Amino acid sequence: MPPTLFLEQILNGVQFGLMLFLLAAGLTLVFGIMDMINLAHGSLYMIGAYLTATFVGLTGVFWLGVLLAVVGTALIGMLLELTILRQLYKRDHLSQVLATFALILIINEVVRIIWGPQPLLLSAPEGLSGPIEILPGLNYSAFRLTIIVVGLIVAVALLLLVNYTRAGMWLRAGASNREMAQAMGVPIKPLFTLLFGVGAALCAIAGAFLGPILAVQVGMGESILILAFVVIVIGGIGSIKGALVGALLVGIVDTAGRAFLPMLLSQVASPEVASNLGPALASILIYLLMAVVLFLKPQGLFPART
Amino acid sequence: MTRSLWRYLVPLGLLLVFPPIAYATGLEFYTGLITKIMIFALAASSLNLILGYGGMVSFGHAAYFGVGAYTVAILTREGVTSAWVIWPAALVLCALLAFLIGSICLRTRGVYFIMITLAFAQMIYFVVISFRQYGGEDGLRARRPDFGLFELSDTALYYLTLAVLVAALYAVARLVNSRFGRVLQAIRENESRAAAIGYPVYRFQLVAFVIAGTLAGLAGLLMAHYTQYASPNLLAWQQSGHLMMMVILGGVGQFWGGVLGAAALLVVEEILQGFTIYWQLGVGLILLLIVLFAPRGIAGLFGRRGS
């Protein structure tokens, strides 16, 4: 196997992992602090992608479209928190699962009514559509490289926000012990609304940048939601650091598995078996990873609660 | 005869006389719908056994449902026609699968349990759709097997499903009121206390998990007979969510929760599908309103505890 191909797949893995991190970060904080299972998190990702496609089409400028979509999705996220999700904090996990599952159905249909059943076209900005040479002999898609850069910037900003600001301190306090944080005077209500806004904005960024690579269509939120849940369970619920490590792990294992497993299998088994089993094994690899992690460390890699 | 017994006999009698009446009045479509409702009632009740009575929130129950259906499809495809082989094979396979998955998953708790059961269901989903000779993502045709004693027509399937459902519900009712069921509920209420008294918590939960998995496999088997087709959708995580929705809607840990939830959800879906292509919007709104305003499910609305 040529090393450039290997490197390219690893970069693809990092790129996907960073976008997963944006989704997982909001999810893990909501989960860790409010003890709330929000299945509708993936819907915000879908809304982000649809808004981006719409605003890019309206303004003709990719970055302006992304900015408007991020703001719009954040507002929608906060609106959801204020109207519906807020009622669910005190309810058990099952009610939360049912209510947010209902929200998925509602949002999917509303999106279908507004934008129609056909997938939307969202293409990468023109200047970034070609490949660039990042190493001698290694051409890599400029847009994917941009995603990595954007992902890294947002991840660093988020880590700084959580670790070095007052709001971040409140968040961490809430994640490790909610009642105690409340008793010490953390303004929980506005903090939660703000957190939902930030989580929704992160979803929108992921949706905007994955949209041109994957497809902008109804149902895109659910498939990635499961991956985001796998990430936060591997990383440890409530931990931003865990979400980052888990996301990169899942992104790289998933991408590399899909690229290399069929190839490796074809060397030890017959081509027919390899072509059958390769994709299946690659698809279950991350779930296998999660099962092994949970078996060895039932609280995830970086448990937030001690 | 006591009043409570009538409460069971009247619906049962109505269900028994329904197919000929439907046939006579040209409403045969509804015989099929009720068959489907009964199948999902069985699947949802099996989930309610571990979710409601055992407190084990399995998000991977579609695995057994789908494996039951796929066993029928694959075996008939391979030339096995006798139901007397296919049924035991499917049930044993689902029981073994539930044993294997349960013995690993039950080492975790809470949200981690939800996620790891989901992970195993996803693994099974991807493995099954990778077999191209068995249809891959298109699913696989499942012939109705040969029962020897009778031809499995749509009406026969209706009565077969009814018989299986009644027998399974009776067994579950006996089970949850037995010593085993009481211990299971004690574990749900307070696991460490149950362990401290000396009950082997893990073993009790595992047995319940295996029983629920087998019953879900039984439902899947009937589903394959009903649609004569094993679809990957039966294995998908949305199916697990669908079953969970039925249980929560009907009433978690209420004996009739699974049955009521399955009937309510499927009927609502059927009605809304007749009105609009955006029927999921209506389903979503109804579910949301129920969670916000009727937290104990439909069984809870009647104001008495079923257990």
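This is a predicted model: local features need pLDDT of at least 70, side-chain atom pairs count only at pLDDT 80 or more; totals for chains, interfaces and linings use all residues.
Which helix of chain B is Leu42(B) found in?

Leu42(B) sits in helix H2 of chain B, which covers residues 28-53. Is Leu42(B) buried or exposed? The cut-off for buried is 20 or more other C-beta atoms within 10 Å. Leu42(B) has 28 C-beta neighbours inside 10 Å, so this residue counts as buried. If we leave out residues up to four places away in sequence, Leu42(B) touches Val164(B), Leu165(B), Ala168(B), Leu215(B), Leu218(B) and Ala219(B). There is also Thr161(B), which is 119 residues away from Leu42(B) along the chain. The C-alpha atoms of these two residues are 9.2 Å apart.

Next, a helix pair in chain B. Helix H11, residues 257-275, packs with H12(B) at an angle of about 140°, and their axes are 8 Å apart. That angle makes H11(B) oblique to H12(B). The crossing of the two helices is right-handed. Which residues meet there? From H11(B) they are Val268(B), Glu269(B), Leu272(B), Gln273(B) and Phe275(B). Across from them, H12(B) supplies Trp279(B), Gly282(B), Val283(B) and Ile286(B). Sorted by class, this contact of H11(B) with H12(B) has six nonpolar residues, two polar and one charged.

How many residues of chain B are in contact with chain A? There are 34, and they meet 34 residues of chain A. Three elements of chain B give two or more residues each to this side: helix H5 (110-130), helix H10 (237-250) and helix H12 (279-293). H5(B) gives the most, with 11 residues. On the side of chain B that touches chain A, 26 residues are nonpolar, six are polar and two are charged.

Last, a strand pair in chain A. Strand S1 of chain A runs over residues 131-135, and of its five residues the number buried is zero, so S1(A) lies largely in the open. Its partner is strand S2 of chain A, residues 138-141; the two run antiparallel and are joined by four bridges. Within the pair, Ile132(A) stands opposite Tyr140(A) in S2(A). What do S1(A) and S2(A) form, and with how many residues between them? They form a hairpin with two residues between the strands. In the turn, Gly137(A) has a positive phi of about 90°.

Technical notes
Residues are numbered from 1 along each chain as its sequence is written. Chains are lettered from A and ligands numbered from 1 in the order in which they are written. Two residues are in contact if their C-beta atoms, placed from the backbone, lie within 7 Å. Ala, Val, Leu, Ile, Met, Phe, Trp, Tyr, Cys and Pro count as nonpolar, Asp, Glu, Lys and Arg as charged, and the others, Gly among them, as polar. A residue is buried if 20 or more other C-beta atoms lie within 10 Å of its own, exposed if 12 or fewer, and partly exposed in between; C-beta atoms are placed from the backbone. Two strands pair if DSSP finds at least two bridges between them. Axes are lines fitted to C-alpha atoms, for helices over the stretch in contact, and angles run from 0 to 180 degrees between N-to-C directions. Angles under 35 degrees count as roughly parallel, over 145 as roughly antiparallel, 65 to 115 as roughly perpendicular and the rest as oblique. A crossing is left-handed if the near helix is turned anticlockwise from the far one by less than a right angle, and right-handed if clockwise.
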